[in-house]
Amino acid sequence: MTAILGSGWLFSSFNTAKIAGPSAILSWLIGGLLIMFVAFVYAELTTMLPLTGSSTRIPQFTHGTLVGFIFSWIILLSYISLAPIEVQALMQYLNYFFPNMLTPMNSLSPMGYVVAGVLMFIMCVLNIYSLKWLIKANNVLTALKILIPIFISLVLLAYTYQPHHIIHAASSSFAPYGTQGLLTAIATGGVIFSFNGFKQACEMAGEAKNPKRALPIAIIGSISLCILIYIILQCSFLSSVNISNIDSGWHNLKLTNGSSPLTAIILQNHQRWLLPILYVGAVIGPMAAALIYMSGSARLLYGMSQSRYLPGFFSLMTQQGNPWFAIVISFIIGMFFFAPFPGWQEMMTFLTSLMAITYAIGPICLLALRYQVPNQARPFKLPFGRLWSVLAFYICTLLILWTGWDTLKKLAIALAVGIVVLFLNRVFSPKNQRESLHIKQSIWVWIYFIGILGLSYLSSFGHGLSVLSFNADLWIVALFCIFVSLLALKFRLKGNETQKYISELNL
């Protein structure tokens, strides 16, 4: 729960309301259920292969080096961008007290960029030397991260609750932008981003004494409780909105101090005494999360170096066992993420597309492993695993599509940079250290990426051409996902190659 409740609660109720109106309540319910469905795929994978950083390693076991690198690169980008997005969240809330931190478009001003750089640098130094103090304080931080959103939302409801306040029936319909608005809010309003922490339970699955019992409790329990918290928070936000805020429609939802939506709502309803509590959550939550995310991205760089995807100097360690060079690189790359994305929502939408792609490899791996190592011990085994894999892959692909063409074209550039990095590293590596790329096994990936970019360009999401109608999108993506799943199955590694990888782990 503490992993799921990140900076999303500070912004997502505002963003989803702008995109979907009152039907944003359903966006949280549907989004949470979709994430739960995908989470169970990772539950089987991570109990079967209980590895640190399993998300970056399992694709190599099923489809070889090139596929493993591609998804490791995308996962790396998502990890590196998590620290900047948490700092951006903090900056937007600090802007209430220091108005010169942001431009009118919510991007960082020159002064804001300096402050953000100082915060990122402090996190870099703390990661290099020690995070023990943060780990010791984790229980207190966890309690605050859970209790503060609940407390604020319940207080707002207590002050403003009326059934018609939540639905705003007199001012608009329940779903003013239809089903498409409701589903778009799941991807671009922050719903999927806000549930990102579910993978923490899956990544730690190998440490569970009884995974068959513990994982359903961990996954269903944490996601269900967070769905409830987010819905209460969304209802409290909608209940606090005045008619004057939406006199130009939900897409033009107006709040004074809109860069920090909950601050604006609290001031609008004359509950200033809540501000100190809100800002404790707005500072502690993002900063603690950003510290951990920077540590995670550095260790992922270290792991990619160990897998020979990146040069060996990324493995340089301090005496305390921290990968100092990888931490410095995470800091430098992280600073570049502030420039092309003006504001938390732009950064979050890009990150959601990265997340959805990293989720999509899980169902493909599960499908392949059912054929490659059918007799491998599976402490937690999904019923109808092959069907479950295809449906989960379809869900992930829809989430990618819903982020929109504007976001996906940036993702294509990021992927191209990754391929250049891989081949430059191979050029300058000794020949005896170059593993086979398994190009044949990567054919399905290129078809998938080209296909999803083409569908996004033709769709009506994110300023696409709108050649494909909304309902046509859903059916075409379904057929496309079945085709790609069959391709991925056809071009998987041979069973004995996968078994060799697994045997070397000494599980």
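By salt bridge I mean a side-chain nitrogen of Lys or Arg within 4 Å of a carboxyl oxygen of Asp or Glu. The model is predicted, so local features need pLDDT of at least 70, side-chain atom pairs count only at pLDDT 80 or more, and totals for chains, interfaces and linings use all residues. Residues are numbered from 1 along each chain as its sequence is written, and side-chain values use heavy atoms, with hydrogens and water left out.

Salt bridges, then. The rule gives four. Take Arg378 and Glu44: their side chains meet at 3.2 Å, N to O. Arg378 sits in the loop between α15 and α16 (385-402), Glu44 in helix α2, 334 residues apart. Helices here are DSSP runs (H or I, at least four residues), numbered from the N terminus. Glu44 also pairs with Arg370, with the closest N and O atoms 2.9 Å apart. Arg370 lies in helix α15 and Glu44 in helix α2, so this pair ties together parts 326 residues apart in sequence. Are these side chains buried or exposed? Arg370 and Glu44 are both buried, and Arg378 is buried too. Buried means under 20% relative accessible area, exposed over 50%, partly exposed in between (1.4 Å probe, protein chains only).

Another bridge joins Asp247 to Lys254, at 3.0 Å, N to O. Lys254 is partly exposed, at 40% relative accessible area.

Now the surface. Leu26, Leu29, Ile30, Leu33, Ile167 and Phe174 make a nonpolar patch, with about 460 Å² of accessible area together. Patch residues have over 30% relative accessible area and no salt bridge, and nonpolar side chains are joined within 5 Å. Areas are Shrake-Rupley, 1.4 Å probe. Helix α2 (residues 24-48) gives the most, four residues.

On a 1 Å grid over the protein atoms alone, a cavity is a set of points where a 1.4 Å probe fits but cannot get out; a pocket is an open set with protein on both sides within 12 Å along at least five of seven lines; lining residues have an atom within 4 Å of a point. The second largest pocket holds about 1000 Å³. It has 39 lining residues, and the closest to its centre are Lys18, Ile19, Thr188, Gln345 and Glu346.

How many cavities of 30 Å³ or more are there? Three. The largest cavity has about 60 Å³ of space. Its lining includes Ala3, Leu82, Phe193 and Tyr293.

Definitions and conventions. Grid points are joined across faces, edges and corners, and a volume is the space filled by probe spheres set on the points. Patches are made of residues with over 30% relative accessible area and no salt bridge: like charges are joined within 9 Å, nonpolar side chains (Val, Leu, Ile, Met, Phe, Trp, Tyr) within 5 Å. Helices (H or I, at least four residues) and strands (E, at least two) are DSSP runs, numbered from the N terminus.
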